[in-house]
Amino acid sequence: MTEASPEATAEARRRAALDAIGAEVAACTRCRLHETRTRAVPGEGTAATEVMFVGEGPGFNEDRQGRPFVGQAGAYLEKLLESIGWARHEVFITNVVKCRPPDNRDPEPDEISACSEFLTRQIEALDPALIVTLGRFSMGRFNPGSKISQVHGTFRPAHTASGAPNSLAYFMYHPAAALRDGGVEAASRADMQGVPAALTRSRELRAAVAEAGSTAHVPETKPEFLTDNHEPTSDSDPTERLGLF
Ligand code: URA
């Protein structure tokens, strides 16, 4: 019998971890959202990916199907992915909260915090090079204190408390906002074009960190801007942690 390659073994381990988290999410009663949900929506996608998309929370269709981004916003997200030659099955897609807030209201802080551990464990399982945030609730986890209008289309190391010490985070508007507003839609199309470059940059940083030693993390550098029409907010300039970059 031939032995599985190290890559295949690692992928199988990640898949098993993601499936175990998914089973826990499906039975979760940690917050009030479980009382009104039809199905919990843990997230879906390949365990072999380097990229995780994180939205806000399930809507009507997602709640019915138990799958993320399957409604209009999902169709739009797929279109954006197609524009860079990607398909949804090549990434992992999940949300900050895994159950639908009634009437699509914003998730409450205590609901986000009750669900937070699931996202942390999904990130641990996948160790994505790049996390693409969709909308301000997701951005709030990976780049707290920033404004989406100022940071969309840019990337930076994920905030240390986000549970993603080795990932870059790339910020995009929520697809539903793009469907409501022509300006946001144009910005979203432009922003998606920057995702592959952000992934390339993250691979470079992770390779350098791997060379520097196993305890190093992707360093916090100044935000990197893909276009020059975004100004960093004054509170988003952490100092460098490693002298590498
Ligand atoms: N909006 C989200 O934020 N997530 C989904 O899964 C669907 C719509």
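Me: What is the volume of the largest cavity?
Reply: The model is predicted. The count comes to one cavity of 30 Å³ or more. The largest cavity has a volume of about 110 Å³.

Me: Which of the residues that line the largest cavity are the closest to its centre?
Reply: The lining of this cavity is made up of 15 residues. By class they divide into nine nonpolar, two polar and four charged. Those closest to the centre are C28, C31, K98, C99 and C115.

Me: Which helix gives the most to the lining of the largest cavity?
Reply: Helix 2 (33-36) and helix 5 (109-126) each supply at least two residues of this lining. With four residues, the one that gives the most is helix 5.

Me: What is the volume of the largest pocket?
Reply: A pocket is an open set of grid points, whereas from a cavity the 1.4 Å probe cannot get out. For the largest pocket, the volume is about 680 Å³.

Me: Which residues that line the largest pocket are the closest to its centre?
Reply: The lining of the largest pocket holds 27 residues. They divide into 12 nonpolar, nine polar and six charged. Closest to the centre are E56, A73, H174, A176 and R180.

Me: Which helix gives the most to the lining of the largest pocket?
Reply: Two or more residues of the lining come from each of helix 3 (60-65), helix 4 (72-83) and helix 8 (175-180). The helix that gives the most, with four residues, is helix 8.

Me: Where is the space taken by the ligand?
Reply: The residues around the ligand are G55, E56, G57, E62, P68, F69, N95 and H174. By class, this shell has two nonpolar, four polar and two charged residues. The space that the ligand takes is the largest pocket.

Me: Which residue has a side chain with an N or O atom 2.7 Å from a nitrogen atom of the ligand?
Reply: A polar contact is a pair of N or O atoms within 3.5 Å. A backbone N or O atom of E56 lies 2.8 Å from an oxygen atom of the ligand, and a polar backbone atom of G57 is 3.0 Å from a nitrogen atom of the ligand. The side-chain atom at 2.7 Å from a ligand nitrogen belongs to N95.

Me: How much of the area that the ligand exposes when taken alone does the protein bury?
Reply: Taken alone, the ligand exposes 240 Å². The part of that area buried by the protein is 92%.

Note on methods:
Residues are numbered from 1 along each chain as its sequence is written. This is a predicted model: local features need pLDDT of at least 70, side-chain atom pairs count only at pLDDT 80 or more; totals for chains, interfaces and linings use all residues. Side-chain values use heavy atoms; hydrogens and water are left out. A residue is near a molecule or strand if one of its heavy atoms lies within 4 Å of it. A polar contact is a pair of N or O atoms within 3.5 Å; within protein, one must be able to donate a hydrogen and the other to accept it, and residues adjacent in sequence count only if both atoms are side-chain atoms. Accessible areas come from the Shrake-Rupley method with a 1.4 Å probe; for residues, only the protein chains shown count as cover. On a 1 Å grid over the protein atoms alone, a cavity is a set of points where a 1.4 Å probe fits but cannot get out, and a pocket is an open set with protein on both sides within 12 Å along at least five of seven lines; lining residues have an atom within 4 Å of a point. A molecule sits in a cavity or pocket if more than half of its atoms lie within 2 Å of its grid points. Ala, Val, Leu, Ile, Met, Phe, Trp, Tyr, Cys and Pro count as nonpolar, Asp, Glu, Lys and Arg as charged, and the others, Gly among them, as polar. Grid points are joined across faces, edges and corners, and a volume is the space filled by probe spheres set on the points.
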